[in-house]
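Me: I have a structure open and want to learn how to read it. Where do we start?

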Amino acid sequence: MANVAVIGAQWGDEGKGKIVDWLAERADLVVRFQGGHNAGHTLVVGDKVYKLSLLPSGLVRGTLSLIGNGVVFDPWHFRDEVEKLRGQGVAITPDNLQVAETAPLILPFHRDLDALREDASGAGKIGTTRRGIGPAYEDKVGRRAIRVCDLAHLDDLDAQLDRLCAHHDALRAGFGEPPIDRAALIEELREIAGVVLPFAAPVWLTLKQAKERGRRILFEGAQGVLLDVDHGTYPFVTSSNTVSGTASSGSGLGPGSVGFVLGIVKAYTTRVGSGPFPTEQDNEIGELLGTKGKEFGVVTGRKRRCGWFDAVLVRQAAAVSGITGIALTKLDILDGMDTIRICTGYKVGDKHYDYLPPSPQDQARVEPIYEDIEGWQDSTAGARSWAQLPAAAIKYIRRIEELIQCPVALVSTSPDRDDTILVRDPFSD
């Protein structure tokens, strides 16, 4: 049986939460491997709606859930999200949730710096969630991070605090802010340590033992490939690698442990925040997609930009992430359209591209080349088999497969976990 990595193959918000939740029933463990609490997942189970941003989606199923070392971890948000889910009847204990001891912490001054930079950037704003994700990753790479394991040694952090304050106090002074209050920071960490430390564990070892026992492991990514710091629309990206290769480094298992790579793709395209978007429809089509699809960010509440399906970008995402098959979500949002457009290529001046050029200057000038597809009037909402789909909807799916050079493994036809058409079971691949 294959292990499965689930990643977004667009700019995030593709519906990973539902798909991970659906697959979690077949998995023994679910592990988050990158990102932080800037990535919202919505799960709909009957009449209950669960909104997660840091905790793995498998918790709602009762599946053993792990937060890997590749995640930047906000302990105060962790406390609040755990309490919220417990209030909805979800059992959360160290028996079903582990946090990697080596995960770096997001601290209050990371959030401050994130907001200060955005406010000072003017037209150069990235559009971050202001939750401190980027600054926390910077400290990790700069070898000055405080990690989960350090919460057990708060009286011995002078050297780490020296490195942190030498860096951040200079930045804060540049923004007219006072230096970090080291004593207050330690007290805040001391108060939250008792909440976090019971969940701290060697996640890599838990995964190693699970692999040796033949357990099914589900790797849960955040954001999407087009937000990858190396392969996305730089600089309008997140601060981590979102591609499938990070499932290995961000969890502690070798690359051979990741089997089937499932890329989640909307039947159209959305994006939150700044950056290029070749197929964006800033018109009544975009408004229709946004309204029907309820396109508002789970974390920020920001309205998502909407547009036609971009086969060029998804094909590129599938290539750099080694995607084995895709899960196509929100097909039902296209119900009732007479004509549906798919982007099949780009023009920049007189030059044609079958991939997105890397420079922001060229990306801003990209003109999409469209192919028109006949729409359908019958409803696809709630369909659970091919036989329940209109012929034109099936034709649309098949054309997407051809253009992105990757097969469809699942089709989602509503937010409900059971409204899913299984074409190919990733765990039996």
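Reply: Start with contact, which means heavy atoms within 4.5 Å. Now a word on the source: this is a predicted model, where local features need pLDDT of at least 70, side-chain atom pairs count only at pLDDT 80 or more, and totals for chains, interfaces and linings use all residues. Residues are numbered from 1 along each chain as its sequence is written, and side-chain values use heavy atoms, with hydrogens and water left out.

Me: Which residues does Phe78 touch, not counting residues up to four places away in sequence?

Reply: Leaving out residues up to four places away in sequence, Phe78 touches Leu54, Leu55, Phe73, Leu97, Val99, Val195, Val196 and Phe199.

Me: What is a nonpolar core?

Reply: In soluble globular proteins, nonpolar side chains tend to be buried together. A nonpolar core is a set of buried Ala, Val, Leu, Ile, Met, Phe, Trp, Tyr and Cys residues joined through side-chain atoms within 4.5 Å. Buried means under 20% relative accessible area, exposed over 50%, and partly exposed in between (1.4 Å probe, protein chains only). Here the largest nonpolar core has 92 residues. Phe73, Phe78, Leu331 and Tyr396 touch the most other members.

Me: Which helix gives the most to this core?

Reply: Helix α12 (residues 391-404) does, with seven residues. Helices (H or I, at least four residues) and strands (E, at least two) are DSSP runs, numbered from the N terminus. A second, separate core of 17 residues includes Val4, Val20, Ala24 and Ala327.

Me: How do I read the backbone?

Reply: Most residues other than glycine have a negative phi, and most peptide bonds are trans. In this model, the peptide bond from Tyr234 to Pro235 is cis, with omega near 10 degrees. Pro235 is in the loop between β8 (217-220) and α8 (246-249).

Me: Which loop holds Lys294?

Reply: The loop between α9 (284-292) and β11 (305-307). Phi of Lys294 is positive, near 50 degrees. Lys294 counts as exposed because its relative accessibility is 68%. Lys330 also has a positive phi, about 60 degrees. Its loop runs between β13 (325-329) and β14 (339-348). Lys330 is partly exposed, because its relative accessible area is 22%.

Me: Is Lys266 buried or exposed?

Reply: Lys266 is buried, because its relative accessible area is 1%. Lys266 lies in strand β9 (residues 260-266). Beyond four places away in sequence, Lys266 touches several residues, including Asp13, Glu14, Glu295 and Lys330. The side chain of Lys266 also makes a polar contact with the side chain of Thr270 (2.9 Å). A polar contact is a pair of N or O atoms within 3.5 Å; within protein, one must be able to donate a hydrogen and the other to accept it, and residues adjacent in sequence count only if both atoms are side-chain atoms.
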